[in-house]
Amino acid sequence: MVIDERLLAALSDGQFHSGQELGQHLGISRSAIWKQMKNLESLGVEIYSIRGRGYRVPGGLELLCEERIVSDCSDLVARHLRNITVQRVVDSTNTLAMRDMQQGLADAHLYLAEYQTAGKGRRGRQWVSPFARNLYFSLVWNFSHGAAALEGLSLVVGLALQQALTAMGLSGIELKWPNDLLVDSKKLAGILLEMQGDASGECQVVIGVGINVMMSDEASEGIDQPWVDLSSLSQTPISRNQLMAAVLNHLIPMLEQFKVDGFAAFQDAWHACHAYQQQSVRIISGHREVVGECQGVDAQGALIIHHSDGVEHFHAGEVSVRAYHAS
């Protein structure tokens with residue numbers, strides 16, 4: 001689906017624009033403008049249409065902008081990050097990154113999208129991705145010591161997101177093992193890692209992240225779990241461009257430290273934000289269920305559960321963790 005950039009720019013101010021005005025600006029008919037509006041609505045954009053006044057997007061649209069993101073990034077990020085690709089509509093930023101990886105084009109590359117037609121969550125779930133409302137990105141990063149050295153990476157990414165949001169003045173954000181951010185047990189953000197390369201040597205990891213910034217009730221109808229967004233947590237609007245820069249300013253230095261020190265260097269900081277620390281949880285792994293006390297994570301990032309048969313360490317994979325309340 002092609003959305004005219006000039007139309008997006010006109011609607012970004014949140015003001016009314018008549019179909020005639022927009023048609024003259026774009027050089028197309030009013031009926032073509034109407035079709036463009038329907039296309040935007042199908043992407044999850046809220047359009048107000050009032051006869052005699054025209055069309056407007058309530059609150060306007062802040063479109064992702066490479067220049068605005070880079071201007072707020074630290075010198076360290078600028079040195080390490082090689083490329084930024086901003087797309088309006090893609091199937092998935094992770095899929096886009098994986099395609100480029102196969103052609104050797106993706107090292108230290110950030111991929112951003114306004115809308116994903118097939119956004120990917122963990123365990124095959126779809127990530128709901130309304131247009132220009134949330135943050136969807138994938139960052140490709142090189143690692144040198146194989147898959148075994150990547151244990152705990154998703155936890156480090158989650159910690160970087162938590163610290164970035166805290167630095168922006170948000171509070172109450174907790175981490176759920178292995179890849180979610182929660183507020184009051186509601187999902188705020190998720191992480192999906194995909195790897196390509198040598199399992200024992202050089203490899204590249206696609207770090208996929210979705211953060212709910214301003215999710216409408218209509219767009220969220222496909223979400224099968226409690227959720228929360230940043231707009232409900234902040235008294236002031238959250239700029240997605242500033243948010244992306246803040247994430248990079250925390251994430252990239254932590255990725256570089258992770259290469260050297262592994263997860264152990266972040267273990268205590270992760271525990272301080274852990275949603276289920278010393279709480280009863282239910283672990284679901286395949287057809288097996290375990291109930292026990294969560295004692296945090298070990299130096300490799302495995303979840304430590306004390307249950308009736310002793311202490312067990314669970315590694316990321318097809319494992320689900322839920323709070324447990326005895327009836």
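Q: Which residues in H6 are buried?
A: First, know that this is a predicted model, where local features need pLDDT of at least 70, side-chain atom pairs count only at pLDDT 80 or more, and totals for chains, interfaces and linings use all residues. Residues are numbered from 1 along each chain as its sequence is written, and side-chain values use heavy atoms, with hydrogens and water left out. Buried means under 20% relative accessible area, exposed means over 50%, and partly exposed is in between (1.4 Å probe, protein chains only). By that test, the buried residues in H6 are Thr93, Asn94, Leu96, Ala97, Met98, Asp100 and Met101.

Q: Why does helix H6 count as largely enclosed by the rest of the structure, and which strands do its buried residues pack against?
A: H6 covers residues 93-102, and seven of its ten residues are buried, so the rest of the structure largely encloses the helix. Contact here means heavy atoms within 4.5 Å. The strands that the buried residues of H6 pack against are S3 (83-90), S4 (109-116), S5 (135-143), S8 (186-197) and S9 (203-211).

Q: How many helices and strands are there in the protein?
A: Helices (H or I, at least four residues) and strands (E, at least two) are DSSP runs, numbered from the N terminus. Counted that way, the protein has nine helices and 14 strands.

Q: What is the radius of gyration of the protein?
A: This value is taken over C-alpha atoms, and the globule rule to hold it against is 2.2 Å times the number of residues to the power 0.38. For 327 residues the rule gives 20 Å, and the model's value is close to that, so the protein is as compact as a globular protein of that length. The C-alpha atoms fill a box of roughly 70 × 50 × 35 Å along the principal axes. The radius of gyration itself is 21 Å.

Q: What share of the contacts between residues at least 6 apart in sequence joins residues at least 24 apart?
A: While we're on whole-protein numbers, buried residues make up 51% of the 327 residues. For contacts between residues at least 6 apart in sequence, the share joining residues at least 24 apart is 66%.

Q: How far apart do the centres of the positive and negative side chains lie?
A: Lys and Arg count as positive and Asp and Glu as negative, while His and the chain ends are not counted. Each charge is placed at NZ of Lys, CZ of Arg, CG of Asp or CD of Glu. There are 25 positive and 36 negative side chains, and the centres of the two sets are separated by 8 Å.

Q: What percentage of the span of residues 19-38 is helix?
A: An unreviewed UniProt entry places the feature "DNA-binding region" at these residues; such positions are given in the numbering used here, feature names are shortened, and annotations may be inferred rather than shown by experiment. The end C-alpha atoms of the span lie 13 Å apart.

Q: Is Gln162 buried or exposed?
A: You'll find Gln162 in helix H7 (residues 153-167). Setting aside residues up to four places away in sequence, Gln162 touches Ile173, Leu175, Leu181 and Cys273. With a relative accessibility of 10%, Gln162 is buried.

Q: How far apart in space are Ala160 and Leu255, C-alpha to C-alpha?
A: Ala160 is another residue of helix H7, and it is buried at 0% relative accessible area. Not counting residues up to four places away, Ala160 touches His250, Leu251 and Met254. Ala160 and Leu255 are 95 residues apart in sequence, yet their separation in space is 9.1 Å.

Q: What is the relative accessible area of Asp184?
A: Asp184 is in the loop between S7 and S8. Its phi is near 50°, a positive value in a residue other than glycine. Asp184 counts as exposed, because its relative accessible area is 65%.

Q: What is phi of Ser185 near?
A: Ser185 also lies in the loop between S7 and S8. It is exposed, with a relative accessible area of 54%. Its phi is positive, in a residue other than glycine, with a value near 70°.

Q: Is the peptide bond from Trp177 to Pro178 cis or trans?
A: Pro178 is in the loop between strand S6 (174-176) and strand S7 (180-183). Omega for the bond from Trp177 to Pro178 is near 0°, and the bond is cis.
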